Amino acid sequence: MAKSSVLSSSIAKKVAMALSGLFLISFLALHFSMNLTSVFSEETFNAGSHFMGYNPLIQYVMQPILVAGVIFHFVMGFVLDFKNRAARPISYAKNNGAANASWASRNMIISGAVVLAFLGLHFYDFWFPEMVYKYVESNPEEPTRYYEELVHKFESPIRTGIYCLSFLLLSLHLWHGFNSSFQSVGFNNKYSKALHKLGYAFAIIVPFGFIFIALFHHFNH
């Protein structure tokens with residue numbers, strides 16, 4: 001009974017982890033589509049960013065949910081990794097885990113930790129200044145400021161390089177995590193193969209799309 005309870009608890013944690021991951025993937029797709037407009041149209045990017053920055057539903061409902069989802073996903077990831085390592089009698093080094101699993105799947109905690117550090121940098125670069133601008137300094141609305149703020153962040157080659165490296169590791173994290181999330185929630189039918197291909201495409205297109213955006217603004221500022 002105790003073993004069954006532990007197993008059920010572990011499965012529940014994995015499902016919760018998967019659902020939070022899928023939620024963050026949907027946000028990542030939205031964030032990418034928004035940032036991509038900055039390459040083609042300064043006005044469109046400013047208009048979209050201003051709407052996102054001052055819409056009450058997004059600011060007071062979706063934003064807190066997003067922050068909670070980020071915290072939950074990474075905390076749960078560390079918890080599950082710790083339990084898996086504690087329950088594993090033989091390490092991958094001795095058991096040659098590379099023979100049965102990819103590097104991405106065996107090192108999700110490493111890529112996840114780097115992505116978490118990147119999120120901290122991203123919050124420091126964009127979210128905190130936005131909060132200070134609106135709620136600490138109480139500045140008036142300025143719908144045309146967002147594009148220049150974005151471009152300014154990518155002037156530094158060091159910061160741009162950090163962003164690019166982080167998105168490379170995000171790609172590895174998504175390469176395994178996207179499909180793993182659907183498996184964890186029991187999605188296994190005739191559409192699974194197509195979904196796997198979609199997951200691999202997403203893991204390449206979105207992170208490398210972010211890299212393209214960063215390099216574009218770095219070399220064209």
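**Terms and the values behind them**

Tutor: We may begin with Ile25, which lies in helix 1 (residues 2-40). Please bear in mind that this is a predicted model.

Student: Why is Ile25 called buried?

Tutor: Its relative accessible area is 10%. Buried means under 20%, so Ile25 is buried.

Student: Which residues is Ile25 in contact with, leaving aside its neighbours within four places in sequence?

Tutor: Ile25 is in contact with Leu174, Phe178 and Phe202. Of these, Phe202 is 177 residues from Ile25 in sequence, while the C-alpha atoms of the two are 9.3 Å apart in space.

Student: What makes helix 2 roughly perpendicular to helix 7?

Tutor: Helix 2 (residues 42-54) and helix 7 (residues 146-153) pack at an angle of about 100°, and their axes are 8 Å apart. Angles of 65 to 115 degrees count as roughly perpendicular, and therefore helix 2 is roughly perpendicular to helix 7. By class, five nonpolar, three polar and two charged residues make up the contact of these helices.

Student: Which residues meet there, in helix 2 and in helix 7?

Tutor: From helix 2 they are Glu42, Phe45, Asn46, Ser49, His50 and Tyr54, and from helix 7 they are Tyr146, Tyr147, Glu148 and Leu150.

Student: How many aromatic pairs are there, and why is that of Trp127 and Phe128 called edge-to-face?

Tutor: The count comes to seven aromatic pairs. For Trp127 and Phe128, the rings are 5.1 Å centre to centre, with 70° between the planes. Centres within 6.5 Å make a pair, and planes over 60 degrees apart count as edge-to-face; the pair is therefore edge-to-face.

Student: Why is the pair of Phe212 and Phe216 called tilted?

Tutor: Here the values are 6.0 Å centre to centre and 40° between the planes. Stacked requires under 30 degrees and edge-to-face over 60, the rest being tilted, so Phe212 and Phe216 form a tilted pair. Both residues lie in helix 9 (residues 192-220), four residues apart, about one turn of the helix.

Student: What makes Phe212 partly exposed?

Tutor: Phe212 has 43% relative accessibility.

Student: How do you know that the charged end of Arg145 sits over the ring of Tyr133?

Tutor: The charged end of Arg145 is 3.8 Å from the centre of that ring. The rule asks for a distance within 6 Å and a position within 35 degrees of the ring normal. Lys134 likewise has its charged end over the ring of Tyr54, 5.0 Å from the centre.

Note on methods:
Residues numbered from 1 in each chain as written. Predicted model: local features only at pLDDT ≥ 70, side-chain atom pairs only at ≥ 80, totals over all residues. Heavy atoms only, no water. Axes fitted to C-alpha atoms, helices over the stretch in contact; angles between N-to-C directions. Helix = DSSP H or I, 4+ residues; strand = E, 2+ residues; numbered from the N terminus. Parallel < 35°, antiparallel > 145°, perpendicular 65-115°, else oblique. Contact = heavy atoms within 4.5 Å. Nonpolar A, V, L, I, M, F, W, Y, C, P; charged D, E, K, R; others polar. Buried < 20%, exposed > 50% of the residue type's maximum accessible area, 1.4 Å probe, protein only.
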